[in-house]
Amino acid sequence: MSSARPLSLITGASAGIGAAFARALAARGHDLVLTARRTERLEALAADMRQQHGSTVTVLTADLADPAATATLCDELAKRGLAVDWLINNAGYGVPGTFVANAWQTHADSLQVLLTAPTELAWRLLPAMRQRGYGRIINVASLAGHVPGTAGHTLYAATKSYLIKFSQSLALENHDRDVHVCALCPGFTRSEFHDVTGTRALMNKLPGFMWQTAEDVVQEGIDAVERGEAVLVTGHVNRFIKGLFKLMPDRLALRLSARQARRYRQQE
């Protein structure tokens, strides 16, 4: 490793799974670089991690929808002499409604955050991990990347499917350098995600057994990347759902997915 205390860069760290990763990794003795758009939340989380775990925490506010943000972020890391050992590509959100119901710029921003930014961060940080002979990359994907697409939130599942395949390839390319890459695929997770997309009322109709806490998702992800698993679907229920859809004929799977999605997807 680059130091006695590994350094973890977490995107989308201001809430939900990102904040849970910060807490879990700080508890494991990591120093942190936290990035998101909401500086006040990042600073509050950083203060907690310093007080509770003695972590050195750097806050770098960034909007990853800006195509220049990723390079700027990595330049700032280099200026500060910060070598990233763990990269947690967590930043993301869903765009409610159908594809043509949203402006192109809305979709372009979404693709930049969900697809381009994590890919570029891996490309920029991976060479140093390989050179040092140690690194961990967790790309937060989704169960949505394993099941048929639905009407509404059109690009979300598509980008998550990409992250799964991308992670598999990176894992194969880098396992001999002790650089582990894992696509973490949670299902419904208790966080602010559905408040942001305006689908909280729909989500509240789902039964409790469908949900996981962010803390449980994060612990499964950390354990999986350390074991060298390239893809992990979290939770027994989500793994059952993935397996069920995999066994179905495509036409039946698509029909079932469409029917279930009407319960929780905003489609207008």
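Helix 1 (residues 16-27) and helix 2 (residues 39-53) have axes that come within 10 Å and cross at roughly 20 degrees. Angles under 35 degrees count as roughly parallel, so helix 1 and helix 2 are roughly parallel to each other. The model is predicted. The points below cover this helix pair and the nonpolar cores.

**Helix 1 against helix 2**
- The crossing of helix 1 past helix 2 is right-handed.
- On the helix 1 side, the contact is made by Ala19, Ala22, Arg23, Ala26 and Ala27; helix 2 contributes Leu45, Met49 and His53.
- By type, the residues of this contact are six nonpolar, one polar and one charged.

**Largest nonpolar core**
- The largest nonpolar core has 32 residues, and those that touch the most other members are Ile10, Phe21, Leu25, Leu32, Leu34, Trp86 and Ile138.
- Two or more residues each come from helix 1, helix 2 and helix 8 (214-227), and also from strand 2 (31-35), strand 3 (57-59), strand 4 (86-89), strand 5 (135-140) and strand 6 (179-185).
- Helix 1 is the element that gives the most to this core, with seven residues.
- In soluble globular proteins, nonpolar side chains tend to be buried together.

**Surroundings of Leu32**
- Beyond its neighbours within four places in sequence, Leu32 is in contact with Leu7, Ser8, Ile10, Ala22, Leu25, Ala26, Met49, Thr56, Val57 and Thr58.
- Among these partners of Leu32 are Ala22, Ala26 and Met49, which also take part in the contact between helix 1 and helix 2.

**Second core**
- A separate, second core holds 31 residues, including Leu121, Met129, Val181 and Cys185.

How values were computed
Residues numbered from 1 in each chain as written. Predicted model: local features only at pLDDT ≥ 70, side-chain atom pairs only at ≥ 80, totals over all residues. Heavy atoms only, no water. Axes fitted to C-alpha atoms, helices over the stretch in contact; angles between N-to-C directions. Helix = DSSP H or I, 4+ residues; strand = E, 2+ residues; numbered from the N terminus. Parallel < 35°, antiparallel > 145°, perpendicular 65-115°, else oblique. Left-handed = near helix turned anticlockwise from the far one by under 90°. Contact = heavy atoms within 4.5 Å. Nonpolar A, V, L, I, M, F, W, Y, C, P; charged D, E, K, R; others polar. Core = buried A, V, L, I, M, F, W, Y, C linked by side-chain atoms within 4.5 Å. Buried < 20%, exposed > 50% of the residue type's maximum accessible area, 1.4 Å probe, protein only.
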